[in-house]
Amino acid sequence: MARRVGIVAVAQTKFEEKPGLHIGELLYQTSRDVMKQTGLEFKDDGTGIDSTVASGYDLMSGPGGAYMFLGYVVGAWQREDERVIEDGSMAVYYGAAQILAGHADVVLVVGYSKETQINKNLIECLSLDQVYQRRIGLDFVSAAALQAMRYSTKNGITPEQLAKVVVKARKNAKNNPYAYCCDTITVKDVLKSTMLCDPIRVQEAKPTPVDGACALILASEEKAKKLTKKPVWITGMSSCYDHHELGYRDLANCDSLVTAASKSYKMAGITKPLKEFDVAEISEHYSYQELLWSEGLGLCGKGEGGKLIDSGKTEMGGELPVNPSGGVLSGIPHCLAGMHSVVECALQLRGEAGDRQVKGAKKALAHGVDGPAGQLHCVITLEN
Amino acid sequence: MTGERIAIVGVGQTIHKSKRTDVNTAEMCAEAVEAALADAQLTIKDIDCVILGSFEPADGYSGPDKFIIPEIGCVGKAGFEMQNVGTTGGVVCATGFNMAAAGLFENVLCVAWQKMDEAAGAFGRGGGGANEYWTGQFPMSPITNFARRTYAYMTRSGCTEEHLAMVRVKQDQCAQRNKYAQLKLGLTVEKVMNDFLLAWPIRRLHMCPTTAGSAAIIVCPEKRAKKVTKKPVWVEDWFTCHQGGALTMAEDPTASTLAYACQKIYKRCGITNPNKQIQAWEVYEPASTAELRWMEEVGICEDYTAWKLFEQGKVGIEKEVPFNPSGGVTATNPIGCTPVVRVVEAALQVRGDAEEHQIPGTINRALATAYGGQGENVVFLLKKSL
Amino acid sequence: MVLKKEEPQDPSVAFRYPRVITYKHSLGYQSKFAHALKMGRIIATKCPVDGRCTVPPRIVCPMHHVRQTEWVDQGQRGKLTSAFKINFPMFDSRTGELKTWENPIVSLELEGGAKMDGWCAETDTSKLKPGMLLEAVWRPPEERKGRVDDILYWKPVEK
């Protein structure tokens, strides 16, 4: 990338059920946090924040332009304020594109979600095509289950290997003060838990309902260097769509992730992801996804996701710690996972990740996913 | 601006109708995409990024990009979906412009659609967008919003219902010359003034219809644009100006960010005399009466005097003020897609390709806008040559 | 906005798909306002910069982006700013039914300066002139839910 975009401040709320809080208050807390860190406000003359990008599904907040009634909370009065109806990583992608386009120099990226106010499965399933897949009662959970079954069967992934992903996630979450679920859990506990949607068990799916918000401030290179001593540079970013109908693709593959990852790596000059990255935050909504997305990201060979988790390379202290924050399996609300990945990677590269810090982290990999069985992926690479 | 300069190399839209029961949503988008590709003489293989959008709740969808992408041939391409109620199409175009200007892609496809024959608009609460707790308890909708706006305009300007009817007749005359427009009714001032009253002073004919339609544009950075087409339409500037729910209709029935947004891009682009420097206007007016106020906000005339221009017969395709030569939104309104239709029409005017509703003379600059919510706008300035 | 729906008769052309989505919105800081409505009072947040009161309350002033923590009672009366009557059947979002609307919706400026909408008892819009004084007529206390329609109607004040 010819010009660089830097992350100058990040913030997140504690992820938990907050039924008594108005959704605008979540947005206010987190946006105020980043704005206080940088001392920036929305300004007309290019000396403050120029625009804001939000992520979130409209129907999650209430029908008909719900976000439109909250833009004022961040101070976007008569300002550029646009919303990406995808996972939060794509809002970061778009915010960075605005800066590369020269259209804005400083962008506030926000994501906020209240799963306690709505049954998110109902909203997610409206993303499925109405003629065939919705009519058989398919939703994102069942689509993931189909993919988990195909992936495990084709590659001989055992239930124990899948359970290890959850154990690792919850163990890592203990070091993360923002995480929702950080209970001590063993492989046996995971395998004993109730079956949610065969073969996915309740403990293997992301906990829900959870409420929370994240925010980041992105800036052009010159401004980033002035705004913070520790800018985190976005070196590569890309998204890619896959087929929609589940029968159209082999669910044991994640071709769109491979494409998105290879484009991002090319932009960033990465050839050996497992060796070159120091930390990775992958959006795994269900346990099998950590293994499958690791393959797509090139962290291991095709079909070797099970061997990867067994090898311990992705544990804290391993060659490439994956999800030191506990990841989505520790409870991240709808549409926030990808943005949370970027926030956590930025904290790692700034050396501000507290007990979950990977020492001396220089390059990080963030990932977001949306759509049934990982139809749309977004990969963002960062370095300090 | 430090990014790439960009141009629109191809535009396409469907023939807008009130019902398209002959196609499903994805097919309708595919029609617009194919039209845009044919216009640019490109194939879908050339496209490397696709930005989509639609006012989903009005159709009863959420995240429909997932199943529309494969139908328009965009599997394996980068992109995502945008939404912002009424200004959705505007945000889709702005996003596409940003992605192209960022130098990340060579051919960006922006597509928006709306298929309003599929849901009774209940999800969108009549499309007015509302704060569920408060104003959502009332049967508010764009009809009532514009009833209030027009009432405020009439009391401040002294114009009469007859002037409002003149605006509607002008739009109909323009729409009759646009093969893509939906409503072509052969209206007279008398017919409009005697039409069914929805909420005074808005009559049924004043409001935009429900439409099923789709539109697409293809945007390229400078070097690529010059290779693809001999008539690129340069995108000089764009600005999204949302007020984010700051004001309800009760607090300010004239709330609108259009004047502010136009002043901002005029300043950035050196426009000091809009009437002379801009030759084509495609401004989003959800009710025909809104044209009066928008003409003033974009700088064509002094505040609260636009109705005099209609009285003097100065507004029309071949007249002094060629405002909404396509017939505007009152003739065609697939909500999420309408701003893209405005950009398409503005681009056609700049190229001289608008056929029967082409404004005569050289069109050096065209202004296109998007409107949504309670006075939110996105404005675009298109240019013939760099 | 759609007044009439015609559906194709052939089910292979189109099919119906009813969906009910229930939201449980949290009021958060707005619950103070909702509680006041139940008590028969309208309170609004006030911007510390320009003194503008907003109903319903906002966390921050949209124009000046400062936290609004001061609450001001808006009184029981307001001046009419505009009135309109809906002449066509429209969905009642409280119940989901399609119905006709006899009473006009009025916008008023309350005694405390905040502006809001409400229903009006006077059904003849020609009698409603801007500047007229209107008074709130509340539901009986046991029927109030902390919502805008706890104020049943605004009634012109008799001189």
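**Entry 1: loops of chain C**

I started at C:His65, which lies in the loop between strand 2 and strand 3 of chain C. Strands here are DSSP runs of E with at least two residues, helices are runs of H or I with at least four, and both are numbered from the N terminus. I noted that C:His65 has a positive phi of about 50° although it is not a glycine. C:His65 is partly exposed, with 19 other C-beta atoms within 10 Å. I used these cut-offs: a residue is buried with 20 or more other C-beta atoms within 10 Å of its own, exposed with 12 or fewer, and partly exposed in between, the C-beta atoms being placed from the backbone.

This is a predicted model, in which local features need pLDDT of at least 70, side-chain atom pairs count only at pLDDT 80 or more, and totals for chains, interfaces and linings use all residues. Residues are numbered from 1 along each chain as its sequence is written, while chains are lettered from A and ligands numbered from 1 in the order in which they are written.

I then looked up C:Pro56, whose place is in the loop between strand 2 (53–54) and strand 3 (70–73) of chain C. A cis peptide bond with omega of about -5° joins C:Val55 to C:Pro56.

**Entry 2: strand 4 of chain C**

I checked the cover of strand 4 (residues 77–84) of chain C and found six of its eight residues buried. Strand 4 pairs with strand 7 (residues 105–110) of chain C in the antiparallel sense, over six bridges. With strand 9 (residues 133–138) of chain C, strand 4 also pairs in the antiparallel sense, over three bridges. I count strands as paired if DSSP finds at least two bridges between them. C:Gly78 has C:Leu110 as its bridge partner in strand 7 and C:Leu134 as its bridge partner in strand 9.

**Entry 3: chain B overall**

I found 14 helices and eleven strands in chain B. Its radius of gyration is 19 Å, close to the 21 Å that the globule rule gives for 386 residues, so chain B is as compact as a globular protein of that length. The radius is taken over C-alpha atoms, and the rule is 2.2 Å times the number of residues to the power 0.38. The C-alpha trace of chain B spans about 55 × 45 × 40 Å along its principal axes. Of the 386 residues, 70% are buried.

I looked up the confidence too: the mean pLDDT of chain B is 90, and 96% of its residues reach 70 or more. pLDDT is the predictor's confidence in each residue, from 0 to 100. Over residues 122–129 of chain B the pLDDT is below 50, and this stretch has 34 contacts in the model beyond near neighbours in sequence. A contact means that the C-beta atoms of two residues, placed from the backbone, lie within 7 Å. Where pLDDT is low, the predicted coordinates should not be read in detail.

I compared the span of helix 6 (residues 161–175) of chain B with expectation: at 1.5 Å a residue its 15 residues should span 21 Å, and the end C-alpha atoms are 21 Å apart, which agrees. The expected span is 1.5 Å times one less than the number of residues. Twelve of the 15 residues are buried, so helix 6 of chain B is largely enclosed by the rest of the structure. Among the buried ones I listed B:His163, B:Arg168, B:Lys170 and B:Asp172. The buried residues of helix 6 pack against several helices of chain B, including helix 5 (142–157) and helix 11 (290–297).

B:Trp200 and B:Pro201 are joined by a cis peptide bond, with omega about 0°. I placed B:Pro201 in the loop between strand 5 (197–199) and strand 6 (202–203) of chain B.

**Entry 4: chain A and its contacts**

I found 13 helices and eleven strands in chain A. Of its 384 residues, 67% count as buried. A:Ala373 has phi near 50°, a positive value in a residue other than glycine. A:Ala373 sits in the loop between strand 10 (363–370) and strand 11 (376–383) of chain A, and is buried, with 26 other C-beta atoms within 10 Å.

I looked up the chain contacts last. In chain A, 49 residues are in contact with 53 residues of chain B. That side of chain A divides into 23 nonpolar, 17 polar and nine charged residues. I took Ala, Val, Leu, Ile, Met, Phe, Trp, Tyr, Cys and Pro as nonpolar, Asp, Glu, Lys and Arg as charged, and the others, Gly among them, as polar. Between chain A and chain C, 17 residues of chain A are in contact with 15 of chain C. Helix 1 (residues 23–38) of chain A gives the largest share of the side that touches chain C, three residues.
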